[in-house]
Protein chains: 2
Amino acid sequence: MTEKAFQDYYPDQLAHCYGCGKLNEQGLQIKSYWDGEEAVCTYTPRPYHTAIPGYVYGGLIASLIDCHATGTAAAAAYKAAGRAMDTNPPFRFLTASLKVDYLRPTPIDGALELRAQVKEIKGRKVVVSVTLSAKGEVCAKGEVVTVQMPDHLLSD
Amino acid sequence: MTEKAFQDYYPDQLAHCYGCGKLNEQGLQIKSYWDGEEAVCTYTPRPYHTAIPGYVYGGLIASLIDCHATGTAAAAAYKAAGRAMDTNPPFRFLTASLKVDYLRPTPIDGALELRAQVKEIKGRKVVVSVTLSAKGEVCAKGEVVTVQMPDHLLSD
């Protein structure tokens, strides 16, 4: 894809997150994009992201759901405000709560597809639901309550 | 500590988890121990486990809570069965659902302490609640529903 991902718009001081920061060299560096009303992210687990051999460990799944949801929350906030993602001040969201249901073991030998839907935007809160699929089957579902980052953290 | 951690009893074929497997060289290799009725785990985040500079990213917190809870579930199952942890067949638990409430930003410059309590043991299910503290303050709370691993996964 040639379009910029949500995470590519994060200002540099907010681009160090292990899950989604483009400046975190050791991190996952996930990328999220709009696909109609949903936001999509594709991530291929590394061989060491294993739970039991052959399957993805749950912490990676939680991490992907978390960061894809906060990215989607930011993108949705720009959209709701009628603003382009390269305008200031930046929207960035923190996770208030994360719930993941692991429906079946997630095979590690292939790409994972995350699809996020915005369930609610209210004040500084955005609620996002996410599915994570492998080989066309939904393996985990998440619900993430995100809150807009306080200004004092944004300006640090 | 000289006592063996819960995770040190995992049989080799189940010791590859990124969060808690002693054989996963790239992983977190967490260690959990009984402290009375609670299970405790101490983990020092690496500098790249950042969310925004100075704070731990939520995916690591979810991963630590998850793996500390499944380890605690296994230890609790041995205790409930009146068995030592080095006896066969091994108890190992998968996560069915994970809920994390992030109460405040978690500072990255120091050790994190996780304390787990077993809330319920029923059939193949063990429910574990976990607090994660930094500098003496609880920064996140988790509740993890774990289920005993099916035999066909244990024997692979």
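## Aromatic rings within and between the chains

Let's start with one tyrosine: A:Y48 is partly exposed, with a relative accessible area of 24%. Keep in mind as you look around that this is a predicted model.

A search of the whole structure turns up 8 aromatic pairs over all chains, and one of them is stacked: A:Y48 with B:Y18, at 5.9 Å centre to centre and with 25° between the planes. The angle counts as stacked because it is under 30 degrees. Where do the two partners lie? A:Y48 is in the loop between strand 2 (38-43) and helix 1 (58-81) of chain A, and B:Y18 is in the segment before strand 1 (32-35) of chain B, so this pair joins two chains. B:Y18 is buried, with a relative accessible area of 7%.

Another pair sits within chain A. The ring centres of A:Y78 and A:F91 are 5.0 Å apart and the planes meet at 85°, so this pair is edge-to-face. A:Y78 belongs to helix 1 of chain A, while A:F91 is in the loop between helix 1 and strand 3 (93-102); the pair links distant parts of the chain, 13 residues apart. Both A:Y78 and A:F91 are buried.

Rings can also gather in a group: A:Y18, B:Y48 and B:Y57 make up one aromatic cluster.

| Lysine | Ring below it | Distance from the ring centre |
|---|---|---|
| A:K79 | A:W34 | 3.8 Å |
| B:K79 | B:W34 | 3.8 Å |

How values were computed:
Residues are numbered from 1 along each chain as its sequence is written. Chains are lettered from A and ligands numbered from 1 in the order in which they are written. This is a predicted model: local features need pLDDT of at least 70, side-chain atom pairs count only at pLDDT 80 or more; totals for chains, interfaces and linings use all residues. Side-chain values use heavy atoms; hydrogens and water are left out. Rings of Phe, Tyr and Trp (its six-membered ring) pair if their centres lie within 6.5 Å; planes under 30 degrees apart count as stacked, over 60 as edge-to-face and the rest as tilted. Helices (H or I, at least four residues) and strands (E, at least two) are DSSP runs, numbered from the N terminus. Buried means under 20% relative accessible area, exposed over 50%, partly exposed in between (1.4 Å probe, protein chains only). A charge sits over a ring if NZ of Lys or CZ of Arg is within 6 Å of the ring centre and within 35 degrees of the ring normal.
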